[in-house]
Amino acid sequence: MTTTPETEPWTRWAITSTALFTLHVYGRPAPQGSKKAFAHSVTGKVITQEMSKYVRPWRQDVHHAAAAVLARGGCTPFPLDGPLVVDMVFTLPRPKSHYRTGRNAHLLKDTAPPRPAGAPDLSKLARSTEDALTSAGVWRDDARVVEYRRLAKVYVGSDPDALSAPGAVIRVYRLGAA
């Protein structure tokens with residue numbers, strides 16, 4: 001049996017054209033990384049602690065920004081349920097080493113990379129942000145995210161989705177029957 005694009009199962013689904021939820025979060029994006037385990041000195045119970053000191057503030061920034069948007073209300077019922085498609089574009093500051101010195105300190109070096117290719121890990125940034133959106137009540141569970149339309153790390157001012165300061169632009173779309 002020959003299949004055509006019209007009969008392929010993945011062609012029956014379409015992303016809604018407008019975002020159900022758009023969020024601009026300002027703050028230092030931090031990855032949900034490794035955890036450190038240790039025994040409580042009194043009870044002896046094992047306690048885990050996030051290795052990065054920046055994760056909690058980032059998750060709070062996302063949570064507060066999402067809560068503010070949800071408080072305004074609208075026609076979309078929250079928490080969102082069903083298959084969702086997400087954009088997450090993280091804006092990171094450029095290191096000082098990317099800039100020239102002296103009177104040209106405002107200019108980038110020719111060797112400055114166009115995108116952040118080092119830490120933090122992009123998938124761990126998405127994980128910490130998903131968890132914060134779940135706790136804020138944007139969606140029922142981050143397992144509802146079935147696809148990333150755009151997942152990126154960019155520098156301030158280097159991309160159409162880049163913010164003017166460190167943070168993230170997050171858009172959530174519904175995946176529905178076409």
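**Note on the predicted model: helices, central strand and core**

1. Helix 2 has 15 residues, and from its first C-alpha to its last it reaches 21 Å, close to the 21 Å expected at 1.5 Å a residue. The expected span is 1.5 Å times one less than the number of residues in the helix. Helices (H or I, at least four residues) and strands (E, at least two) are DSSP runs, numbered from the N terminus. Buried residues in helix 2 are L125, A126, S128, T129, E130, A132, L133 and A136; buried means under 20% relative accessible area, exposed over 50% and partly exposed in between, with a 1.4 Å probe and protein chains only. G137 follows helix 2 and has a positive phi, near 90°.

2. Some background on the model. It is predicted, and local features need pLDDT of at least 70, side-chain atom pairs count only at pLDDT 80 or more, and totals for chains, interfaces and linings use all residues. Residues are numbered from 1 along each chain as its sequence is written, and side-chain values use heavy atoms, with hydrogens and water left out.

3. The chain holds two helices and seven strands, in the order β-β-β-β-α-β-α-β-β along the sequence. Of its 178 residues, 34% count as buried. Among contacts (heavy atoms within 4.5 Å) with a separation of 6 or more, 78% are between residues 24 or more positions apart.

4. Helix 1 covers residues 55-72, which is 18 residues, and reaches 26 Å between its first and last C-alpha, close to the 26 Å expected at 1.5 Å a residue. Its buried residues include V55, W58, V62 and A65, together with A66, V69 and L70. Seen down the axis of helix 1, the buried residues fall within an arc of 135°, so they line one face of the helix; the arc is that of the directions from the helix axis to the C-beta atoms. The face turned away from the buried side carries exposed R56, H64, A71 and R72. Just after helix 1, G73 takes a positive phi of about 75°.

5. Strand 5 (residues 84-92) is mostly covered, with nine of its nine residues buried. L84, V86, M88, F90 and L92 point one way from the strand, while V85, D87, V89 and T91 point the other way. In a regular strand the side chains alternate between the two faces of the sheet.

6. Strand 5 pairs with strand 6 (residues 145-155) in the parallel sense over nine bridges; pairing requires that DSSP finds at least two bridges between two strands. F90 stands opposite K153 in strand 6. Strand 5, helix 2 (residues 122-136) and strand 6 form a right-handed β-α-β unit. Right-handed means that, with the strands pointing away from the viewer, the path from the first strand over the helix to the second runs clockwise.

7. Two cis peptide bonds deserve a look. One runs from F78 to P79, with omega near 0°, and P79 is in the loop between helix 1 and strand 5. Another runs from A119 to P120, with omega near 5°, and P120 is in the loop between strand 5 and helix 2.

8. The largest nonpolar core has 27 residues, of which F21, L23, L133, V138, W139, I170 and V172 touch the most other members. Such a core is a set of buried Ala, Val, Leu, Ile, Met, Phe, Trp, Tyr and Cys residues joined through side-chain atoms within 4.5 Å. Helix 1 gives the most to this core, with seven residues. Leaving aside neighbours within four places in sequence, L133 is in contact with F21, L23, V62, A66, M88, V138, W139 and I170.
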